[in-house]
Amino acid sequence: MQLPVEYMTRIRDNYAKLGYKPYQWVVNMEPPPWQPLRKPLNKCRLGLIASGGIYVTGQVAFHFKDDISFRAIPKDVKTTDLRTAHFAYDQTDARQDPNVVFPIDTLRRLVQEGLIGALADHAYTFMGGIYSSRRVREELAPQLTARLLAEKVDVALLVPV
Amino acid sequence: MGLIARHAEAAGISTLCMSSALDITQAVNPPRAAFLDYPLGHTTGKPHAPELQREILVQALEGFTSLTTPGAVKILPFRWSEDDPWKRTAMLDGDTRVPRDDTPQYQNDEDRRRAEEGNPAACPVCEVSA
């Protein structure tokens, strides 16, 4: 098996070649916070957050200039109403089957099968690749956390691209 | 995404981050992660492969109970293809840093029309927060 792709090196080189300022990767040396699971997953309400630029037709799409907005997507959304807008990945497959970056059908199935207790009323989506880690830390993360808390989720699944 | 995971976890929510980029995930160091060694844009599987998508998510979610060390990453046992030729070109034609502006980038014109009409029936929760 080949080694994982070294994305940080490749993106750094790519931006340098294009003459753009370097992307400042977030490096956290201190250990992350830790909240042990309070109950089995089949009793938990799960919240989904995804950064693949997913929106529902009818919503305003993401734009490519430091967009730190997010969208609330109803848990019973029709999969065929899901769209993507993102500058940094090949969206061909995501537009054919959104579940490759936004596993909503998979999660609904796991609830039906009893592996997960329930889904939160909404999933939340944004467009990753945000230059300002400060704005993610000070604006986006607190807002999304407040949504998760308001929807009383026990666990959150985060799906970046 | 790891920053959001750390924030939510500190607020009392157990989190698990999927990952397609092991080095980036390890740098931002979220509480729990599951690494799937697939090309970008396939964080939770291959298109129109519901059984595979289910198996990937079941194994990832199992990390909520099996990962007991903060910052641990579960490596998922799936491969995109034999020899993974995608790895040689990954990122080379990805983000080209085209000029950016704040025009919404709709997937199609029908989406633009519906959003600009603001028709509530088109979308029960047309919520945009910045």
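**Close-up views of a predicted model**

**View 1. Helix α4 of chain A, length and bend.** Helix α4 (residues 133-150) of chain A has 18 residues, which at 1.5 Å a residue should span 26 Å; its end C-alpha atoms lie 24 Å apart, in agreement. The model is predicted. α4(A) bends by about 35° at Leu140(A). A proline, Pro142(A), follows within four residues. After the helix comes Lys152(A), with a positive phi near 55°.

**View 2. The buried residues of α4(A).** Val136(A), Leu140(A), Ala141(A) and Leu144(A) are among the buried residues of this helix. Thr145(A), Arg147(A) and Leu148(A) are buried too. In chain A, the buried residues of α4(A) pack against β1, β3 (70-74), β6 (122-125) and β7 (155-159). They also pack against α1 (2-10) of chain B.

**View 3. Where chain A touches chain B.** Here 87 residues of chain A are in contact with 77 residues of chain B. On the chain A side, α4(A) gives the most, with eleven residues. That side of chain A divides into 54 nonpolar, 20 polar and 13 charged residues.

View 4. β7(A) and strand β1 (residues 14-19) of chain B run parallel, joined by four bridges. Ala156(A) has Thr15(B) as its bridge partner in β1(B).

**View 5. Pro22(A) in its loop.** Pro22(A) sits in the loop between α1 (7-18) and β1 (45-50) of chain A. It counts as exposed because 9 C-beta neighbours lie inside 10 Å. Beyond its neighbours within four places in sequence, Pro22(A) is in contact with Arg12(A), Tyr15(A) and Ala16(A). Tyr131(A) is 109 residues from Pro22(A) in sequence, yet the two are 9.5 Å apart in space, C-alpha to C-alpha.

Conventions
Residues are numbered from 1 along each chain as its sequence is written. Chains are lettered from A and ligands numbered from 1 in the order in which they are written. This is a predicted model: local features need pLDDT of at least 70, side-chain atom pairs count only at pLDDT 80 or more; totals for chains, interfaces and linings use all residues. Helices (H or I, at least four residues) and strands (E, at least two) are DSSP runs, numbered from the N terminus. A residue is buried if 20 or more other C-beta atoms lie within 10 Å of its own, exposed if 12 or fewer, and partly exposed in between; C-beta atoms are placed from the backbone. Two residues are in contact if their C-beta atoms, placed from the backbone, lie within 7 Å. The expected span of a helix is 1.5 Å times one less than its number of residues. The bend at a residue is the angle between axes fitted to the seven residues ending there and the seven starting there. Ala, Val, Leu, Ile, Met, Phe, Trp, Tyr, Cys and Pro count as nonpolar, Asp, Glu, Lys and Arg as charged, and the others, Gly among them, as polar. Two strands pair if DSSP finds at least two bridges between them.
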